[in-house]
Amino acid sequence: MKSFPTKYQCLKQQVFEFQNFKITPIRYKDRYEIMNWRNDQISVLRQDNLLTQIEQDLYFESTIAKEFDLEKPNQILFSFFKKNKLIGYGGLVHIDWINQNAEISFLLKTDFNNLEFYTQSFTAFLKLIEKLAFNINMHKIYTYGYRTNEYRFSPLINSFFEKEVELKNHKKINNNWFDVLIYSKLL
Amino acid sequence: MIVTLEDIEIHEANKISKWKSDPKLSKIIMSSFKKTSVNEAKRWIKECNKDKNQILKGIYCKNDETSKFVGVARLMFINYSNLNAEFGIYIGENENHNIGVGKKAVKLTLDIGFKMLKLNKIYLRVLEDNKKAVNLFLKNNFIIEGCLKEHYISNGIFKNTLYMAVFKEDFK
């Protein structure tokens, strides 16, 4: 692609920082790394098939790029850095501008066994996303998670998110049913 | 009176246009109010029918001589891996409220979901203060799975939204 946008028109502030962590509007050059993480972690994502480079190019060029120019985009995605090194991506998706709520999307690089890294990074990401949500006048942010690993929810709980919904047996992974939990925070 | 679910014919778009353009109804069913033209309604019917993860049906009230299109029932986001779908329903014609049409239409839609599509779970979202609808779903063995606080704005006031669900084994 010749030029991928770098600024969201709907945002006055493009970069958000907290301690060593930072989010910037999602970068085109990060697309394959993100694709690999998504494919590694497919079982916990709303994704049915492994992504290919062609599909990822198309998604970035035809969907994500267009959101940059909209006054009220459906999603605002960021690359996520620790000490200027890419460690994940995410943002706000399914943004409901009328009801002023949005879903948090978050994916960390594939590093399944490093609980401390996960907890620290997700906690920082939540702080950054709250700043973003406040910036675009959201009233509420929420996120979905599968009850496969309870530890995944601790950053949410520690950041004062409340469990609002438990969708019983809502997701099937490797022939086992899992509950889907919705955690939310009013801003 | 017999209640049936049938495919919505394109000529019924005028009624869909009328219902979708009704601000009172859009508040109850949590859709964003927008004046909808007949052509937009036609396009909406076509798009729903094209969507493989959706079943759109019209609710019809029939007697010996007449058949009247009175509302809409939908299974959306049908997920064949997780065996679930989201349910949406409304009765657009006021005169058909409170006479058991909704109850029968819920049962017929669940029949499609559980018997025809072999789903395991059907869920929905409903405004917490829409007591009539909540009670209707509770009577059909839906359970409340949680409450999304201040998730919907109506007349400038944030309102709570319930998540409700019924499982195959609880469907009678």
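Is B:Leu127 buried or exposed? In this predicted model, B:Leu127 is buried, because its relative accessible area is 4%, and the cut-off for buried is under 20%. The residue belongs to strand E5 of chain B, which covers residues 121-127. Look at what surrounds it. Now find B:Tyr163. It lies 36 residues from B:Leu127 in sequence, yet their C-alpha atoms are 9.0 Å apart in space.

Move to chain A. Here A:Ser79 sits in strand E3, residues 76-82. A:Ser79 is buried too, with a relative accessible area of 0%. Its side chain reaches the backbone nitrogen of A:Arg27 at 3.2 Å.

Next, see where the chains meet. Chain B brings 20 residues to the contact and chain A brings 23. Together they bury about 1,900 Å², with 49% of that on carbon and sulfur atoms. Three residues, B:Asn82, B:Lys149 and B:His151, supply 28% of the area chain B buries against chain A, more than any other three.

B:Lys149 has another part to show. It forms a salt bridge with A:Glu162, the closest N and O atoms being 2.9 Å apart. The interface holds 1 salt bridge. It also has 15 residue pairs in polar contact. On chain B, strands E5, E6 and E7 each supply at least two residues of the side that touches chain A. E6 gives the most, with 9 residues. By class, that side has 9 nonpolar, 7 polar and 4 charged residues.

Note on methods: Residues numbered from 1 in each chain as written. Chains lettered and ligands numbered in written order. Predicted model: local features only at pLDDT ≥ 70, side-chain atom pairs only at ≥ 80, totals over all residues. Heavy atoms only, no water. Helix = DSSP H or I, 4+ residues; strand = E, 2+ residues; numbered from the N terminus. Buried < 20%, exposed > 50% of the residue type's maximum accessible area, 1.4 Å probe, protein only. Polar contact = N/O pair within 3.5 Å; in protein donor to acceptor, adjacent residues only side chain to side chain. Contact = heavy atoms within 4.5 Å. Buried area = accessible area lost by both parts, 1.4 Å probe. Salt bridge = Lys/Arg side-chain N within 4 Å of Asp/Glu carboxyl O. Nonpolar A, V, L, I, M, F, W, Y, C, P; charged D, E, K, R; others polar.
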